[in-house]
Amino acid sequence: MPPKNASTIKLSEYAAPAYWVETVDLTFRLQPAATRVLSKIKFNRNLDRTAQGAHDLYLDGRNLTLISASIDGTLLALSDLTQDDEGLRIPHHLLPNDSFLWQAEVEVNPQSNTALEGLYMSNGMYCTQCEAQGFRKITFYPDRPDVMAVFTVRIESLLDDVPEMLSNGNADEYGSDQTATPATHYAVWHDPWPKPAYLFALVAGDLVSHDDTFVTLSGRTVDLRIFVRPGDENKCAYAMDALKRSMKWDEDVYGREYDLDLFMIVAVDDFNMGAMENKGLNVFNSKYVLASPETATDRDFELIEGIIAHEYFHNWTGNRITCRDWFQLCLKEGLTVFRDQQFSGDQRSHAVKRIDDVLQLRARQFREDAGPLAHPVRPEEYIEINNFYTATVYEKGAEVIGMLKLLVGDAAYDVALTEYFNRHDGQACTIEDWIKVFEDTTGRDLSQFALWYAQSGTPRLSVKDSFEDGTYTITFAQSNADSAGQSGKKPQVIPIRLGFLGTDGSEPKPEMLIEMTTRETTVSVAGFSQKPIPSILRGFSAPVIVDRDIDNQERAFLLAHDRDPFNKWEAGRDFAMDLLCDMASDGQAADPLFTSAMRHVALDPSLDPAFRALALTLPSDEALAQAVRDRGTDPDPLAIHAARGDLNLAIATALGEDLPALYHAMTVDGPYTPDAKAAGKRALKSTALSLLTKLDGGATAEVQFSTADNMTEQLSALATLIRTGHATEATAAFYEQWHADKLVMDKWFAIQAAAAPPDAALDTVISLSSHVDFDWKNPNRYRSLIGAFATNHAGFHRDDGRGYSFVADWLIELDRINPQTTARLCGVFETWKRYDENRQALIKTQLQRISDFPNLSKDTSEIVGKILAA
Ligand code: TRP
Ligand code: ZN
């Protein structure tokens, strides 16, 4: 159901612009409610398109008040221009020359900009967000990524109110007028690298910085500055360290050097997403910059490291080489996610990182691919591009690159990447350009591989094997079911890493890489003395679902013996998934084979504690609901929740006396450090704590809560207590201790919403939604309550539907002020077809209510329309 007045943009209709931009000069006269933006834009006619006749100049522009405009110094009559909601048309008869200077003055209102796109204010600070199409809310401009220009930016403001004024590139000039009352000042910034408008940024306000330097591989010294609100300067050290390690890593691994003399990061409290890679001036959600041991968890430190790296890596994969149009988003995002995953693996543990990434991929991307919002890694059409910053574009986009690297080999991958940077530096590119580089450098035909970019849905791989006269034969069959808007899919290239294990745990034959290109592939390997146990899809070598009848003995064997850490973990996960589905549907008891296997893993000192923590963590209720649906039955959220609890109790019981010992053995001595080794021990300690709580009712958790000297342990104790339903005191104490710290308060809201027992969750969030600290206009706080509640599976999916109506009420409320964040959160309903008829009807009523709301944004109506059409 396409929303009224919204048009569909199609990849097939791409046309180069009629005019290029050479230079842009902007002047900002900052005022909270009436900022003036003066632009001087040098346009050059696109001579490739002159043959097609004279073109009007169409400039994108939204919510702009046009004050004046001129061409080559001649003032235009505003009546000669046609302005609509989306922009401004300058008729071609006013454009006699191939090159001309456009000048305009517009007024914008940053203070009333609650959508957090364009120029807006966050706690008195001016900041911008231009990706994907926010620049058009700042001035009239051809706001598309293939138009790249050199920007010069002058910012003027009141000296006392706005002491710091930043933009992209290098600071060229600064001056003040102390005699004026009040005193004023200005700064001029120049970015020598041509860039699309989505990479423009301006930040101004009362900021302090944490500074450092980095010497690049060619010996240049780069100034590094992290800007934060006064008082937060002591929480920047980790982000700075992560930045320097990222810069070094990109030199060492990709040969990429930073290309300006200054690199800045600013932390902003009101932000729709994680962070943004604006040239030389990255803007971050403050939760991905600020960290101290007392206020940030191990997970926060890890995310800060990964996101700092991600945005920094965009400097080459995104900024120096950018996207021709927004359909090519995965060109920069898939590659940059792949690079940040490599980086984090190198900094920490590849095994643990891979398991974490696959958990995320399955939870978010497989879920998306299985529902009404499924789309290819490179979509072919959209209504609102903000709705396509998805797990499919990012995470599956990264998987596609991982497969490509596996297929061509590490050395060929390096050669291809060097060629990519050489060939396309300074250009706005497509996926075809990317693939062509690999074809040219490896001599391979990648046309079938390219289907990964075009076909949506998660392929399924079914496996059958046999053994005769020393020969092991394995047959794979792939299928890719129809998904939203796509049917009759072709077979894809699936790289399958296959290992063989002997019953003694040895590997009698080397691992193979099978390059599956047809619907069915059979591989035979001779020379085994006994039937090997296959280890299939090692390292999760392709983003597919493996269907295989395998008995639990074999799973327990693989969990104990597989040398591939991913498949070792996967064997335990598979086992748990099957067992929990049985426990939830027919009340089967916990299988002692499983609990003793878990006991073994938990107590095996040769295994990395971080790995043990992952292996001991049962699949989420959400993942189980999908597994139950895949078996053809209606998921019962309460039964699933109870089965998980029962199985955890059985694991705890199997560990018995060894559990407290394990818990204490994982204590990290000395002051807190956020490194992977210490974090891994704390992860296992907190897994042990949640198991132990099943036996001691929370006594150990109470002690940990009140004695913890770091947020990781304080919060894990609080979460455990909240799950028991007896955490009133701890919850209140946490509030008392932390109510002045915004980021910690986000955790306080989120943990209650996500971990409250099913029957208490709704009452908890209703009461929190009227708490004085529930500032719903702040996206982090909103997500901490409303978003976190929707992850409380059994609480959200109450059978009376009140969980759904509560969330729908809040989505409607938020859509009036922030469409982008609302549309994203509507994804909480994307799985609705998985549930029973009663729940489907209840959800449908809410979706319809949202959809019918007058003046719903096009962001939200695109998403809700698609979900309803499922
Ligand atoms: N390009 C950013 C990244 O991947 C994400 C991004 C896209 C974004 N649109 C945004 C961030 C809007 C904030 C707001 O790192
Ligand atoms: Zn990115």
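1. Aromatic pairs first: a search of the whole structure turns up 47 of them. To count, the rings of Phe, Tyr or Trp (its six-membered ring) need centres within 6.5 Å; planes under 30 degrees apart are stacked, over 60 edge-to-face, and the rest tilted. Keep in mind that this is a predicted model, where local features need pLDDT of at least 70 and side-chain atom pairs count only at pLDDT 80 or more. Side-chain values use heavy atoms, with hydrogens and water left out, and residues are numbered from 1 along each chain.

2. Have a look at Tyr19 and Phe100. Their ring centres are 5.7 Å apart and the planes meet at 75°, so this pair is edge-to-face. Tyr19 belongs to strand 2 (residues 19–29) and Phe100 to strand 9 (residues 99–108), so the pair ties together parts 81 residues apart in sequence. Strands here are DSSP runs of E, at least two residues, numbered from the N terminus. Both Tyr19 and Phe100 are buried (under 20% relative accessible area, with a 1.4 Å probe and protein chains only).

3. Next, Phe135 and Phe151: another edge-to-face pair, 5.9 Å centre to centre with 80° between the planes. Phe135 is in the loop between strand 11 (125–129) and strand 12 (149–158), while Phe151 is in strand 12, so the pair ties together parts 16 residues apart in sequence. Phe135 is buried at 0% relative accessible area, and Phe151 is buried at 1%.

4. Finally, charges over rings. The charged end of Arg339 sits over the Tyr254 ring, 4.6 Å from its centre (NZ of Lys or CZ of Arg must be within 6 Å of the ring centre and within 35 degrees of the ring normal). Lys509 lies over the face of Phe528, 5.5 Å from the ring centre.

Methods: Chains are lettered from A and ligands numbered from 1 in the order in which they are written. Helices (H or I, at least four residues) and strands (E, at least two) are DSSP runs, numbered from the N terminus. Buried means under 20% relative accessible area, exposed over 50%, partly exposed in between (1.4 Å probe, protein chains only).
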